[in-house]
Amino acid sequence: MNELAVFTKPWKELPLPDLARRVKSLGFDLIELPVRPGFQVEPENIERDLPAAARVLAGEGIRILNVTADMPLDDERLYCACAEAGIGMNRVMFWQRDMDYWTAEAEARRRLDAALPFCERYDFQIGIQNHSGRFVPVNEMGMYNLVKDYDPRHAAAVWDPAHNSLEGMNSDSALDVLAPHLCVVNLKNAYWRRASGPEAAVAAWKIYWTSGAQGRASWARVIAKLKAIDYQGPICFSAEYSDEERVDELIVKDLAFARELLA
């Protein structure tokens with residue numbers, strides 16, 4: 001049975017006990033915790049604050065699935081703190097910046113290679129997420145090319161069907177490619193919305209983050225395929241919506257929708 005987690009990014013202003021009670025009220029007891037400036041745990045204090053945060057959250061019945069840490073992958077403080085807190089994975093994304101794709105992929109490999117000694121020493125996993133736009137990778141083929149030579153215990157795929165669909169790839173094929181490398185599935189949804197009128201010389205588009213039933217990625221198809229490949233790993237809800245005022249309402253509906261599909 002898949003464990004269901006939620007990314008706590010929308011509730012960065014809440015003290016940890018209040019955060020725990022909020023996500024519990026929304027139907028979750030498992031979270032992905034950002035370790036980023038301005039959040040409940042900040043990178044410069046990770047060794048002190050992450051284990052303390054894990055204890056506070058556990059006292060409220062909340063476990064941490066993984067962190068997403070704004071830190072270099074060769075910073076041993078990340079691994080020490082996660083080991084003390086009982087956390088085994090850090091989700092990362094590799095921004096392409098101003099490099100061409102192959103140069104950016106080589107840079108991502110360099111960073112992963114630098115992390116491997118720590119992953120082996122601390123029995124730790126780097127989860128790499130695909131992301132639309134100028135990221136490495138944007139879809140399943142880029143992900144496969146990046147992770148295929150790594151032991152999935154230490155470098156594996158966090159597959160995001162919403163970002164995958166924004167780049168025009170179908171979920172069945174994506175999961176065929178990534179099944180042996182999969183460690184987490186992200187659930188959110190989106191579509192391209194036209195940002196310019198019909199009189200524009202060139203059309204402009206922007207991403208609109210919507211509820212699970214309304215975007216380009218079919219959650220029904222994604223979950224059916226996850227069942228077909230017997231994926232038993234965690235599913236993490238990103239709680240990302242363009243209508244930020246309705247996050248709590250929409251995440252509750254999306255959790256119910258996903259549970260219906262998983263049943």
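Okay, let's start at Ala179, which sits in the loop between helix H7 (171-178) and strand E9 (182-187). When I say helix or strand, I mean DSSP runs numbered from the N terminus: H or I with at least four residues for helices, E with at least two for strands. Ala179 has 33% relative accessibility, so it counts as partly exposed. For the cut-offs, buried is under 20% relative accessible area, exposed is over 50%, and partly exposed is in between, with a 1.4 Å probe and protein chains only. Ala179 and Tyr144 are 35 residues apart in sequence, and their C-alpha atoms are 9.9 Å apart in space.

Quick housekeeping. This is a predicted model, where local features need pLDDT of at least 70, side-chain atom pairs count only at pLDDT 80 or more, and totals for chains, interfaces and linings use all residues. Residues are numbered from 1 along each chain as its sequence is written, and side-chain values use heavy atoms, with hydrogens and water left out.

Staying with helix H7, that's where you find Asp172. Its relative accessibility is 24%, so Asp172 is partly exposed too. Which residues does Asp172 touch, once you skip those up to four places away in sequence? Arg221 and Lys225, where a contact means heavy atoms within 4.5 Å. Asp172 also has a C-alpha separation of 9.1 Å from Ala224, which is 52 residues apart from it along the chain.

Now over to helix H6 (residues 161-166), which holds Ser165. Ser165 has a relative accessible area of 5%, so it's buried. Leaving out residues up to four places away in sequence, Ser165 touches Arg216 and Ala217.

Okay, zooming out. The chain has nine helices and twelve strands. The radius of gyration is 18 Å, close to the 18 Å from the globule rule for 263 residues, so the chain is as compact as a globular protein of that length. That radius is taken over C-alpha atoms, and the rule is 2.2 Å times the number of residues to the power 0.38. The C-alpha trace spans about 55 × 45 × 40 Å along its principal axes.

Of the 263 residues, 52% are buried. Take the contacts with a separation of 6 or more: 74% of them join residues 24 or more positions apart.

Charges next. There are 30 positive and 39 negative ones, and their mean positions are 3 Å apart. Lys and Arg count as positive, Asp and Glu as negative, while His and the chain ends are not counted. Each charge is placed at NZ of Lys, CZ of Arg, CG of Asp or CD of Glu.

So what's inside? The largest nonpolar core has 71 residues, and Leu50, Ile126, Ile128 and Phe237 touch the most other members. By nonpolar core I mean a set of buried Ala, Val, Leu, Ile, Met, Phe, Trp, Tyr and Cys residues joined through side-chain atoms within 4.5 Å. Helix H4 (residues 101-122) gives the most to this core, with six residues. Apart from it lies another core of ten residues, among them Leu30, Met89, Ala156 and Cys236.

Beyond four places in sequence, its contacts include Val92, Phe94, Leu112, Pro137 and Met143.

In strand E6 (residues 125-129) there's also Gln125, and at 17% relative accessibility that residue counts as buried. Gln125 is in contact with Gly88, Met89, Asn90 and Cys183, among others, leaving aside neighbours within four places in sequence.

Most residues other than glycine have a negative phi, and most peptide bonds are trans. Here, Val136 and Pro137 are joined by a cis peptide bond, with omega about 0 degrees. Pro137 is in the loop between strand E7 (135-136) and helix H5 (140-147).

Then there's positive phi. Arg97 has phi near 50 degrees, and it lies in the loop between strand E5 (94-95) and H4. Ala239 has phi near 55 degrees, in the loop between strand E12 (235-237) and helix H9 (247-262).

Which of those two is buried, and which is partly exposed? Arg97 is partly exposed, at 35% relative accessibility, whereas Ala239 is buried, with a relative accessible area of 6%.
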